[in-house]
Amino acid sequence: MKSSHKKIIEVISAIRNSFIGADHIYKNGSCWHFAKILKTIFPEGEIWGNFDHHLFRIGGKFYDITGEENPQKYLDLRKITGLPKTEKVDLFNLIKSFGK
């Protein structure tokens, strides 16, 4: 699928409107799953995250269920050594383990 900003926003809107509460679900605990859905549709994108939330990055822009998002507090999860590129990661325990 072509990954233009307009197309990505259309897909996000369709998912957000697919059931009542989708925005709440994908902002509160299932943001990783939402990013994985976008990654499946737009495989050239990347999943970024922090302790609280995950975003999908593509074409230099970042997205979550609300649409385009500010990426200032997020990390490219692929850049952390030893991190699986396709599996869900518990960032809290991963970062906690760096202190050991």
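**Close-up views of a predicted model**

Lys-27 and Asp-64 form a salt bridge, with their closest N and O atoms 3.2 Å apart. Because Lys-27 belongs to helix H2 (residues 22–27) and Asp-64 to strand S3 (residues 61–64), the pair ties together parts that are 37 residues apart in sequence. The structure is a predicted model, and this pair belongs to one of its three salt bridges.

**View 1. The two ends of the Lys-27 and Asp-64 salt bridge.** Lys-27 is partly exposed, at 34% relative accessibility. Asp-64 is buried, with a relative accessible area of 1%. Asp-64 is also among the residues that Phe-34 touches.

**View 2. The salt bridge between Glu-10 and Lys-7.** The closest N and O atoms of Glu-10 and Lys-7 are 3.3 Å apart. Both residues lie in helix H1 (residues 5–16); because they are three residues apart there, about one helical turn separates them. Glu-10 is partly exposed, with a relative accessible area of 37%. Lys-7 is partly exposed as well, its relative accessible area being 30%. Side chains of opposite charge can pair when their charged atoms come close.

**View 3. The salt bridge between Arg-57 and Glu-46.** In this pair the closest N and O atoms are 3.1 Å apart. Arg-57 sits in strand S2 (residues 54–58) and Glu-46 in strand S1 (residues 46–49), so that the pair links distant parts of the chain, 11 residues apart. Arg-57 is partly exposed, with a relative accessible area of 27%, whereas Glu-46 is buried, with a relative accessible area of 16%.

**View 4. Strands S1 and S2, joined by a hairpin.** S1 and S2 run antiparallel and are joined by four bridges. The hairpin connects S1 to S2 through four residues. Which residues of S1 point one way, and which the other? Glu-46 and Trp-48 point one way, Ile-47 and Gly-49 the other way, and all are buried. In a regular strand the side chains alternate between the two faces of the sheet.

**View 5. The largest nonpolar core, with 16 residues.** Which of the core residues touch the most other members? These are Ile-15, Phe-34, Leu-38 and Phe-42. The elements that give two or more residues to this core are H1, H2, helix H3 (31–41) and S2.

**View 6. The surroundings of Phe-34.** Leaving aside residues up to four places away in sequence, Phe-34 touches Ile-12, Ile-15, Tyr-26, Asp-64 and Ile-65. Of these neighbours, Ile-15 is, like Phe-34, one of the core residues that touch the most other members. Asp-64 is the salt-bridge partner of Lys-27.

**View 7. The whole protein chain, with four helices and five strands.** Read along the sequence, the pattern is α-α-α-β-β-β-β-β-α. Buried residues make up 37% of the 100 residues in the protein chain. Among contacts with a separation of 6 or more, 48% are between residues 24 or more positions apart. The protein chain exposes about 6,300 Å², and carbon and sulfur atoms supply 55% of it.

Terms used
Residues are numbered from 1 along each chain as its sequence is written. This is a predicted model: local features need pLDDT of at least 70, side-chain atom pairs count only at pLDDT 80 or more; totals for chains, interfaces and linings use all residues. Side-chain values use heavy atoms; hydrogens and water are left out. A salt bridge is a side-chain nitrogen of Lys or Arg within 4 Å of a carboxyl oxygen of Asp or Glu. Buried means under 20% relative accessible area, exposed over 50%, partly exposed in between (1.4 Å probe, protein chains only). A nonpolar core is a set of buried Ala, Val, Leu, Ile, Met, Phe, Trp, Tyr and Cys residues joined through side-chain atoms within 4.5 Å. Contact means heavy atoms within 4.5 Å. Two strands pair if DSSP finds at least two bridges between them. Accessible areas come from the Shrake-Rupley method with a 1.4 Å probe; for residues, only the protein chains shown count as cover.
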